[in-house]
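Welcome! Here is a short briefing to read alongside the structure.

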Amino acid sequence: IVLLSAINFINLKTAQSAQRAKEVGVRKAMGARKSGLVLQFLMETFVICMVSYFLSLALTELLLPSYTKFLGKELMMNDAAIYLYSFLMMLIVTFISGIIPALYLSNFKPINTLKGNFSRSSHGIWLRNGILTLQLIISAFFITAGLIIHSQVKFMMNKDLGFNGDQSVIIWFNEAKAKPDRFYQVMKQQISKITGVKEVTYSKQVIGNGNTGSSNVDYPKEKKSIMATHGSVDLNFFRFYKVKILAGRDFDPKLSSDTISNALVNEAFIRNMGWTPQQAVDKEVQPGFDSKPYKIIGVSKDFHQSGVAQEIEPSLFFYYGDNWNREQVSNIQVKLDQNDIDGTLSRIKKFWETEAEPGYALTSEFVNKKFGQTYVQYQKQQTLFAILNGIVLVVALLGLFALSSLLIEQKLKDVAIKKTLGADEKTIVWDLTKKFLLIAVLAVFISIPISYYFMNEWLKDFAYRIEMPWFPYALSFVLLLFLTFAVVSIKAWQATKVNLVNYLKYE
């Protein structure tokens with residue numbers, strides 16, 4: 001952005017050269033040296049950049065609290081290095097953006113400028129067109145990338161999570177218990193009696209928290225072994241979250257075997273084992289965390305626990321109360337009546353703080369809100385990229401306006417001749433605009449492979465991603481052409497209003 005801004009400044013100052021050409025010619029005729037003119041123009045650029053620098057510092061101070069809140073981090077401008085490095089950058093930008101217009105203006109020949117012939121040289125046209133093409137390539141990339149990021153985030157937000165966490169609240173234990181499994185059972189019975197509580201359950205892997213540990217799971221008969229997460233749950237966990245059972249059955253509290261050595265697995269588990277859901281049912285596997293084998297009684301649909309960016313891991317789900325997991329129970333999950341969420345939560349809070357854990361405040365969070373936090377990083381990426389997109393587009397369009405001003409300024413005599421010969425305004429506007437439209441078309445086509453490569457690399461970070469869409473490329477093409485025409489045609493239309501006498505009386 002800084003580089004594009006410097007380029008725009010160069011183009012704008014060069015485009016304004018016509019207004020100062022005679023000044024340069026008069027000063028040179030009176031004996032002014034080229035070095036003196038260059039130094040003057042550099043000092044003018046330095047003053048502009050210095051004012052901009054101080055304004056930017058003030059703007060940063062104003063926006064920093066909002067940006068800090070957005071990032072969720074504490075940022076302060078209390079480091080001298082910030083001011084030193086930014087000041088050095090300002091000096092570098094001053095020199096880069098000031099030296100080229102200064103040299104361009106100081107090279108005007110007095111005889112030509114005093115006669116009015118100062119803007120007809122074609123030198124540097126290819127360079128300026130190349131700079132414009134680069135600016136539009138970057139603009140097309142940001143438009144395309146912004147649309148692809150938006151599509152991916154939207155896909156993640158709308159993806160089927162495999163579970164229903166509506167009106168579900170996680171309550172965390174505030175202190176270590178001597179017998180946490182027993183505490184959970186008592187709380188389950190007590191909280192279930194509270195008006196507005198629909199159901200109560202437990203799981204070690206809390207949805208939105210991610211993996212809490214894994215170990216190898218072996219299938220000795222076929223000498224297969226995979227890594228799977230520890231899915232320690234209460235027997236009603238799958239019904240609580242409405243997770244679909246694809247094959248076999250769910251846990252049944254009436255069957256004692258389901259509390260001892262039976263287990264469910266997810267789709268990721270059987271994919272890694274190379275089984276179909278039906279083939280997995282009734283197989284016995286040996287997890288590394290226990291000495292006894294576990295019989296698979298059912299296969300659940302995959303559901304997200306760590307966020308939709310990460311691939312769903314193989315999981316073995318088993319009853320928490322008959323192994324070492326009983327010592328690690330740390331939460332209780334409650335489904336509330338949707339018609340009285342606030343009232344039910346208030347009653348639970350009163351019970352918890354007076355009877356369950358006196359002296360401790362209720363520590364709770366909604367499951368859907370907790371899982372929603374896994375999206376935050378990508379939503380912020382989307383927002384920041386949209387802001388950058390807007391900035392880059394504005395900077396590029398300013399550069400386009402500056403360059404079109406320069407090139408159209410150099411063609412005002414041609415415009416005057418065409419008007420004298422009877423050309424209408426629409427024809428003149430099109431003649432002045434079509435070159436820029438061709439540059440915009442070229443820039444978009446060059447940007448397509450660049451955008452495709454970098455956005456494809458970005459999408460590789462997601463286990464569940466969209467297919468590369470075509471519409472962002474098409475939309476960036478249409479949008480950039482429209483904006484190019486809109487910006488250039490304004491200057492072209494102004495050019496049709498020139499005073500013919502001023503441009504036809506040369507020599």
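In this predicted model, Lys283 lies over the face of Trp275, at 5.3 Å from the ring centre. Another lysine is placed over a ring too: the charged end of Lys159 sits over Tyr464, 4.6 Å from the centre of that ring.

**Aromatic pairs**
- The count of aromatic pairs comes to 28.
- One of them joins Tyr184 and Tyr320 edge-to-face, with 5.5 Å centre to centre and 85° between the planes.
- Tyr184 belongs to helix α7 and Tyr320 to the loop between β9 (315–319) and β10, so this pair ties together parts 136 residues apart in sequence.
- Tyr320 also pairs with Tyr319 in a tilted arrangement, at 4.8 Å centre to centre and 50° between the planes.
- Tyr319 is buried, with a relative accessible area of 16%, and Tyr320 is buried at 1%.
- Elsewhere, ring pairs link a cluster whose members include Phe163, Phe237, Tyr241 and Phe371.

**Helix α7**

**Helix α15**
- Helix α15 (residues 425–459) has 35 residues and reaches 48 Å from its first C-alpha to its last, close to the expected 51 Å.
- At Thr433, α15 bends by about 35°.

How values were computed:
Residues numbered from 1 in each chain as written. Predicted model: local features only at pLDDT ≥ 70, side-chain atom pairs only at ≥ 80, totals over all residues. Heavy atoms only, no water. Helix = DSSP H or I, 4+ residues; strand = E, 2+ residues; numbered from the N terminus. Expected span 1.5 Å × (residues − 1). Bend = angle between axes of the 7 residues up to and from the residue. Phe/Tyr/Trp six-rings, centres within 6.5 Å; stacked < 30°, edge-to-face > 60°. Buried < 20%, exposed > 50% of the residue type's maximum accessible area, 1.4 Å probe, protein only. Lys NZ or Arg CZ within 6 Å of the ring centre and 35° of its normal.
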